[in-house]
Amino acid sequence: MVYVEVELRRLSFLKRTSTPKGSKGTRKSSSFKALRREREMLSRRILKNHSRKEREFLYEKCGVSLNTKQRSLQVAQRPWTDTKDID
């Protein structure tokens, strides 16, 4: 979970220093692309490194229904969307 805390600090910094909406900023767009790639990498690692039972437990713990599509991607996006719940 240390990684999540570091990532939250990095994202807070990016939010504070990003360009305002409406203006074109390659720094901001490249940061969002990198963030999207990182989320996709995390979702692939969830599939690769965990057994089916471990993944199902993780989905239930994160509040992702077992009937939905792209469950691993939803779990990988949780640290950035639900910042109040670090656990």
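Residues are numbered from 1 along each chain as its sequence is written, and side-chain values use heavy atoms, with hydrogens and water left out. Since the model is predicted, local features need pLDDT of at least 70 and side-chain atom pairs count only at pLDDT 80 or more, while totals for chains, interfaces and linings use all residues.

On to the fold. The chain has four helices and zero strands, where helices (H or I, at least four residues) and strands (E, at least two) are DSSP runs numbered from the N terminus. Along the sequence that reads α-α-α-α. Of the 87 residues, 22% are buried; here buried means under 20% relative accessible area, exposed means over 50%, and partly exposed is in between (1.4 Å probe, protein chains only).

Next, the charged pairs. Side chains of opposite charge can pair when their charged atoms come close. One joins glutamate 40 to arginine 36, at 3.5 Å from N to O. Both sit in helix 2 (residues 26-49), and because they are four residues apart, about one helical turn separates them. Glutamate 40 is partly exposed at 30% relative accessibility, and arginine 36 is partly exposed at 43%.

The other bridge pairs glutamate 56 with arginine 52, whose closest N and O atoms are 3.2 Å apart. This pair belongs to helix 3 (residues 52-62), again with a spacing of four residues, or about one turn of the helix. Glutamate 56 has a relative accessible area of 28%, so it counts as partly exposed, whereas arginine 52, at 60%, counts as exposed.

Finally, serine 72. This residue lies in helix 4 (residues 71-81) and is buried because its relative accessibility is 5%. Leaving aside residues up to four places away in sequence, serine 72 touches Ser43, Ile46, Leu47 and Tyr59. With tyrosine 59 there is also a side-chain polar contact of 2.8 Å (a pair of N or O atoms within 3.5 Å; within protein, one must be able to donate a hydrogen and the other to accept it, and residues adjacent in sequence count only if both atoms are side-chain atoms).

How values were computed
Contact = heavy atoms within 4.5 Å. Salt bridge = Lys/Arg side-chain N within 4 Å of Asp/Glu carboxyl O.
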